[in-house]
Amino acid sequence: MNVHGHRISLVLGLLMAPCIGFAQQLDNTQIMTTLGQVKAAAPAVDVALLVEEANANVGKGIATLPNWNKLSELSQLIVEIDFENNSTAIEPKSYRTVGLIADALHHPDLFRYKFLIVGHSSATGTAKRNLELSQKRADAINEALSTTFAVSPDRLFSVGAGEEWPIDPGHPESSDNRRVQLINLGLLK
């Protein structure tokens with residue numbers, strides 16, 4: 001990690017067994033193999049309700065809330081995405097990874113699915129600021145996928161979780177907690 005960037009993990013939420021990978025090892029085949037394991041429809045998730053709950057529970061935690069708990073049950077693939085320090089600007093070196101994800105989302109086996117992008121932060125700022133930044137970073141990934149990589153915006157939704165759902169709860173300020181999740185919401189209707 002350089003002075004101008006923060007490591008952000010992109011977590012792809014899936015419905016099957018977890019697979020862990022890092023940006024240096026990630027390729028389109030790995031993404032397709034993992035995302036191709038989706039079998040059944042995902043549980044119904046109300047994105048507007050997730051946003052409402054996140055805003056109403058700033059500083060109180062959200063992982064145990066019923067709607068957020070549904071998301072925590074999904075398997076995840078972790079890859080690295082870098083943003084400029086305290087910013088929503090995706091580092092140029094991370095566009096290759098975002099492009100690989102877009103390629104996978106364009107694959108015929110995944111083209112029928114919609115995805116939720118969930119932004120997360122570490123606890124290095126105020127809870128309210130972290131929620132806002134995590135939402136903006138989720139929106140930045142959404143925008144990059146839909147504009148730069150032409151993934152249909154009808155298939156993408158985004159929400160910020162701030163510091164409320166850490167991947168490393170024992171170390172809330174850890175950079176591992178700064179990440180974005182892409183969760184398969186099931187088939188388009």
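## Strand 3 and its partners

In this predicted model, Ile-117 stands opposite Leu-182 in strand 5, and the two strands concerned, strand 3 and strand 5, pair in the antiparallel sense over seven bridges. With strand 4, which spans residues 156–162, strand 3 pairs in the parallel sense over six bridges, and here Val-118 stands opposite Val-159. Between strand 3 and strand 4 the chain passes through helix 5, and this β-α-β crossover is right-handed.

Strand 3 is mostly covered, with eight of its eight residues buried. Tyr-113, Phe-115, Ile-117 and Gly-119 point one way from the strand, whereas Lys-114, Leu-116, Val-118 and His-120 point the other way, and all are buried.

## The largest nonpolar core

The largest nonpolar core has 25 residues, and those touching the most other members are Phe-83, Leu-105, Ile-117, Ile-141, Leu-145 and Leu-156. At least two residues of this core come from each of helix 1 (28–35), strand 2 (75–84), helix 4 (95–106), strand 3 (113–120), helix 5 (127–148) and strand 5 (179–187), and the largest share, six residues, is supplied by helix 4.

When its neighbours within four places in sequence are left aside, Leu-105 is in contact with Leu-110, Phe-111, Phe-115, Leu-145, Val-151, Arg-155, Leu-156 and Leu-182.

Technical notes: Residues are numbered from 1 along each chain as its sequence is written. This is a predicted model: local features need pLDDT of at least 70, side-chain atom pairs count only at pLDDT 80 or more; totals for chains, interfaces and linings use all residues. Side-chain values use heavy atoms; hydrogens and water are left out. A nonpolar core is a set of buried Ala, Val, Leu, Ile, Met, Phe, Trp, Tyr and Cys residues joined through side-chain atoms within 4.5 Å. Buried means under 20% relative accessible area, exposed over 50%, partly exposed in between (1.4 Å probe, protein chains only). Helices (H or I, at least four residues) and strands (E, at least two) are DSSP runs, numbered from the N terminus. Contact means heavy atoms within 4.5 Å. Two strands pair if DSSP finds at least two bridges between them. A crossover is right-handed if, with the strands pointing away from the viewer, the path from the first strand over the helix to the second runs clockwise.
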